Amino acid sequence: DGGNQREFDYFKLTVQWPGTFCRRTRHCCASNACCRGSNAPAEFTIHGLWPDYNDGTWPACCSRSGFDEKEISTLVDTLEKYWPSLSCGSPSTCHGGKGSFWAHEWEKHGTCSSPVVRDEYNYFLTALNVYFKYNVTGVLNDAGYVPSNTEKYPLGGIVSAIQNAFHVTPEIACSNGALQEVRLCFYKDFQPRECKVESILLQDMSLLKSSCPKYVSLPAYVS
Ligand code: 5GP
Ligand code: 5GP
């Protein structure tokens with residue numbers, strides 16, 4: 001099945017901050033090791049690699065073929081570490097069922113990434129490679145933005161640190177004043193690009209539209 005939507009324009013890599021996410025889900029994560037005790041990751045982990053259109057919309061669920069964990073068996077150890085599910089419930093898949101976080105991301109977004117991404121294995125491998133190359137945790141730590149339950153950091157400083165490292169402006173999302181996600185955009189050859197053309201000219205606008213306050217926290221995980 002070749003999908004029924006036009007080819008996407010660019011990629012968006014979204015990474016999530018476990019310290020923020022796990023504050024919400026700790027209570028219901030009895031069966032989810034990722035938000036418990038010493039298992040909690042101390043770095044941004046992958047939410048997804050998303051194909052997008054330049055007009056701000058995106059394709060979703062582009063194929064009838066479902067997720068098959070066997071296809072990524074050689075990547076599972078790495079994915080468990082860098083692309084864990086920090087949520088409690090099972091997300092929906094494209095065809096009415098329930099599945100893993102990986103199944104959700106592959107079916108909703110991955111299937112729309114062709115022809116750049118060739119198949120399920122290639123989708124997960126590509127996302128890991130881009131995530132390792134554009135190390136948001138390392139960039140923020142090097143700039144002094146380290147996990148803390150007392151400090152608040154200027155959003156503009158966080159954005160600048162990423163701009164200085166990657167030469168593009170990230171999108172930043174928050175939850176209750178805490179940094180939850182960083183989104184980086186890429187051309188189809190995985191060179192960094194601006195997420196929106198306007199953000200070059202209206203950078204301050206993109207900060208205003210963000211769900212973040214002027215000073216954000218980067219909470220350390222507390223068990
Ligand atoms: P939220 O409303 O939490 O930002 O996003 C909910 C879901 O919509 C995301 O998990 C993702 O699947 C989809 N989504 C949100 N923003 C974007 C985007 O910019 N590009 C793509 N491809 N999907 C997005
Ligand atoms: P999206 O927002 O990408 O469309 O959907 C994410 C879906 O996966 C939601 O249904 C959410 O409950 C589920 N999910 C499972 N684990 C995670 C996780 O670690 N982070 C996020 N953002 N969603 C997760």
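**The core and its surroundings**

Trainee: Which residues have the most contacts inside the largest nonpolar core?
Mentor: Keep in mind that this is a predicted model. Its largest nonpolar core has 43 residues, and those with the most contacts inside this core are Leu13, Val15, Ala127, Val136 and Ile158.

Trainee: Which element gives the largest share of this core?
Mentor: The elements that give two or more residues to the core are E1, H1, E2, helix H3 (101–108), helix H4 (120–133), helix H5 (136–142), helix H6 (155–166) and E5. The largest share amounts to 5 residues, and the element they come from is E5.

Trainee: Which strands do the buried residues of H1 pack against?
Mentor: Helix H1 covers residues 18–25, and its buried residues are Pro18, Gly19, Thr20, Phe21 and Cys22. These buried residues pack against strand E1 (10–16), strand E2 (45–52), strand E4 (171–175) and strand E5 (178–186).

Trainee: Is Thr74 buried or exposed?
Mentor: Thr74 lies in the loop between E2 and helix H2 (76–82). Within 10 Å there are 10 other C-beta atoms, and a residue counts as exposed if 12 or fewer lie in that range. Because Thr74 has 10, this residue is exposed.

Trainee: How many charged residues are in the shell around ligand 1?
Mentor: Ligand 1 is surrounded by Lys12, Trp50, Asp52, Trp58, Lys108 and His109. By class, this shell has 2 nonpolar residues and 1 polar residue, while the number of charged residues is 3.

Note on methods:
Residues are numbered from 1 along each chain as its sequence is written. Chains are lettered from A and ligands numbered from 1 in the order in which they are written. This is a predicted model: local features need pLDDT of at least 70, side-chain atom pairs count only at pLDDT 80 or more; totals for chains, interfaces and linings use all residues. A residue is near a molecule or strand if its C-beta atom, placed from the backbone, lies within 6 Å of it. Ala, Val, Leu, Ile, Met, Phe, Trp, Tyr, Cys and Pro count as nonpolar, Asp, Glu, Lys and Arg as charged, and the others, Gly among them, as polar. A residue is buried if 20 or more other C-beta atoms lie within 10 Å of its own, exposed if 12 or fewer, and partly exposed in between; C-beta atoms are placed from the backbone. Helices (H or I, at least four residues) and strands (E, at least two) are DSSP runs, numbered from the N terminus. Two residues are in contact if their C-beta atoms, placed from the backbone, lie within 7 Å. A nonpolar core is a set of buried Ala, Val, Leu, Ile, Met, Phe, Trp, Tyr and Cys residues joined through C-beta atoms within 7 Å.
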